[in-house]
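Subject: Handing over a structure, with notes on what was found

Dear colleague,

Please look through the sequence and the model first, and then read the notes beside them.

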Amino acid sequence: RQKAIVVRGAGVGRRSVCHAMSAAEALAPAKQAIKQQAFYMKKALDQRHLRTALHHAATMIGELRTSALGPKAYYEVYIDVTTELRHLEEFFEAEHERGRPMVELYELVQHAGNVLPRLYLLLAVGRVFLQSKEAAAKVVLEDLVEHCKGVQQPLRGLFLRNYLLQCTRERLPDTGSDYEGEGGTVSDAIKIVLANFGEMAKLWVRMQHQGPAANKEQREKERAELKVVVGGNLHRLASLEGVTLQVYTAEVVQPLLELIVSCKDGLAQEYLLECVCQVFPVAYHTATLPTLLRFLSWLSAAADESAILSLLISRLCALEPADGETEARDVFTPVADHVERRCASLRLLPSLALALALARLALEAYEAHTEYLERALSLASTRLESLGVVTEKRAVAVVQDLLSLPLKRKGGDVLYVLELTEWPRLVSRLPPHQQRPGGSR
């Protein structure tokens, strides 16, 4: 049985002191300790003293156990650590080329004394273990994802799982990859990325509920800084070659949306759904539109559904007819139906913004269907009906943009807009001196 590695690093010993330090005061000694331990690690690797190298590597990784740093400063420490870990990964690669079984190293690093250093070392070996193909990729990946559950402190857990994503990015059993076949299928790759995404989303949401209520605003700011880390899983999922339209419809969209809605956190739901709208092709949203709209109805009250809908509609504007068809598939009707149902619970400006987005969709994707444009204009008119003449400046600006849109699209053809039943009705909602598109604001 391998002798356990005892980790006694500057990062561990200073933890109680670091709580009292400012982030700036804690960052400099952490970076210095990383530099020092990395030097000793590389020296030991050059001499092929693996146990000594692992000891210094674990001590270096121990700097990531601090609770004194905010996300930006912690990211600096993370980058320094993972950059230095690359030397260790290269050593593992060289050992593999010499014929050393990677499973031996995979078991060896699991004797590190503290959980966080142990898992970073495990991921570093896991990267080469996957590359060696000594075991099926899906088995190794599932084991790595499961091990990462050992870190539940949000900031540490998020960056650990980001390193997991980094180490396995090109080693998933994707369609056409070297790891497909005995290593697994694209279905396995999807499950692994979704599992990592789900755990990261939980950690991200948990940040909001830690610490005193007085620091809520600061925690919210820190969470916003970390959203890209969580969203990286969605970018990786969308980049999988095997995630075709058929696979996305059958295996991705439902479990993905379930994970997002189950967060029950407005900030998380809003950002992650915006990511979904952005990273997957328009054709995927068209094919799964009923499912997406259904899940939007289940969002937390704190999520800005109108912002998500506006982004989705803007993406649908790029919709083109399928091969052999003369016009794009009708997505306007189901989206407009959903918007009309939700408008009653939305404030005035978000409602008008959605009407404007629908008008753009009608003009850009369904120009021949004037009834779609009429419906968008009617939505705005109906929403303003109870107010009489609208005087709020921002609302007036949106209405004028809405009235100008068909004119601009038709090159200023006034006769075109005058033939629209809803256009003069909407004009009447403006004050007399502003009843001209582009008029004084």
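Let me begin with a pair of helices, H13 (residues 245-261) and H14 (residues 266-279), which pack with their axes 9 Å apart and at an angle of about 160°. Because angles over 145 degrees count as roughly antiparallel, H13 is described as roughly antiparallel to H14. The crossing of these two helices, H13 and H14, is right-handed. On the side of H13 the contact is made by Tyr248, Leu256, Leu257, Ile260 and Val261, while H14 brings Gln269, Leu272, Leu273 and Val276 to it. Sorted by class, the residues of this contact between H13 and H14 comprise 8 nonpolar and 1 polar, with no charged residue. Please keep in mind throughout that this is a predicted model.

Helix H7 (residues 115-132) packs with H8 at an angle of about 170°, and the axes of the two lie 11 Å apart, which makes H7 roughly antiparallel to H8. The residues of H7 that take part in the contact are Leu119, Leu122, Leu123, Gly126, Phe129 and Leu130, and those of H8 are Ala137, Val140, Leu141, Leu144 and His147. The contact of H7 with H8 has 9 nonpolar and 2 polar residues, and no charged ones.

Next come the cavities, of which a search of the whole structure finds 2 with a volume of 30 Å³ or more. The largest cavity holds about 70 Å³ of space, and its lining is formed by Leu141, Val145, Leu164, Leu165, Thr168, Leu172, Ile192, Val193, Asn196, Asn233 and Arg236. Two or more residues of that lining are given by each of helix H8 (137-147), H9, helix H10 (186-206) and helix H12 (227-239). By class, the lining of the largest cavity has 7 nonpolar, 3 polar and 1 charged residues.

Turning to the pockets, the largest pocket has a volume of about 380 Å³. It is lined by 17 residues, and those closest to its centre are Ser67, Gln153, Met207, Arg219 and Glu222. Helix H9 (154-168) and helix H11 (216-225) each supply at least two residues of this lining, and H11 gives the most, with 3 residues. The lining of the largest pocket divides into 7 nonpolar, 8 polar and 2 charged residues.

Glu222 and Pro71 are 151 residues apart in sequence, yet their C-alpha atoms are 6.3 Å apart in space. Apart from its neighbours within four places in sequence, Glu222 is in contact with Gly70, Pro71 and Met207.

The second largest pocket, finally, has a volume of about 260 Å³. It is lined by 13 residues, and Ala301, Ala303, Asp304, Glu305 and Leu346 are the ones that lie nearest its centre. The classes in this lining are 6 nonpolar, 3 polar and 4 charged residues.

With best wishes

Key. Residues numbered from 1 in each chain as written. Predicted model: local features only at pLDDT ≥ 70, side-chain atom pairs only at ≥ 80, totals over all residues. Heavy atoms only, no water. 1 Å grid on protein atoms, 1.4 Å probe; cavity = no way out; pocket = protein on both sides within 12 Å on 5 of 7 lines; lining within 4 Å. Points joined across faces, edges and corners; volume = space filled by probe spheres on them. Helix = DSSP H or I, 4+ residues; strand = E, 2+ residues; numbered from the N terminus. Nonpolar A, V, L, I, M, F, W, Y, C, P; charged D, E, K, R; others polar. Axes fitted to C-alpha atoms, helices over the stretch in contact; angles between N-to-C directions. Parallel < 35°, antiparallel > 145°, perpendicular 65-115°, else oblique. Left-handed = near helix turned anticlockwise from the far one by under 90°. Contact = heavy atoms within 4.5 Å.
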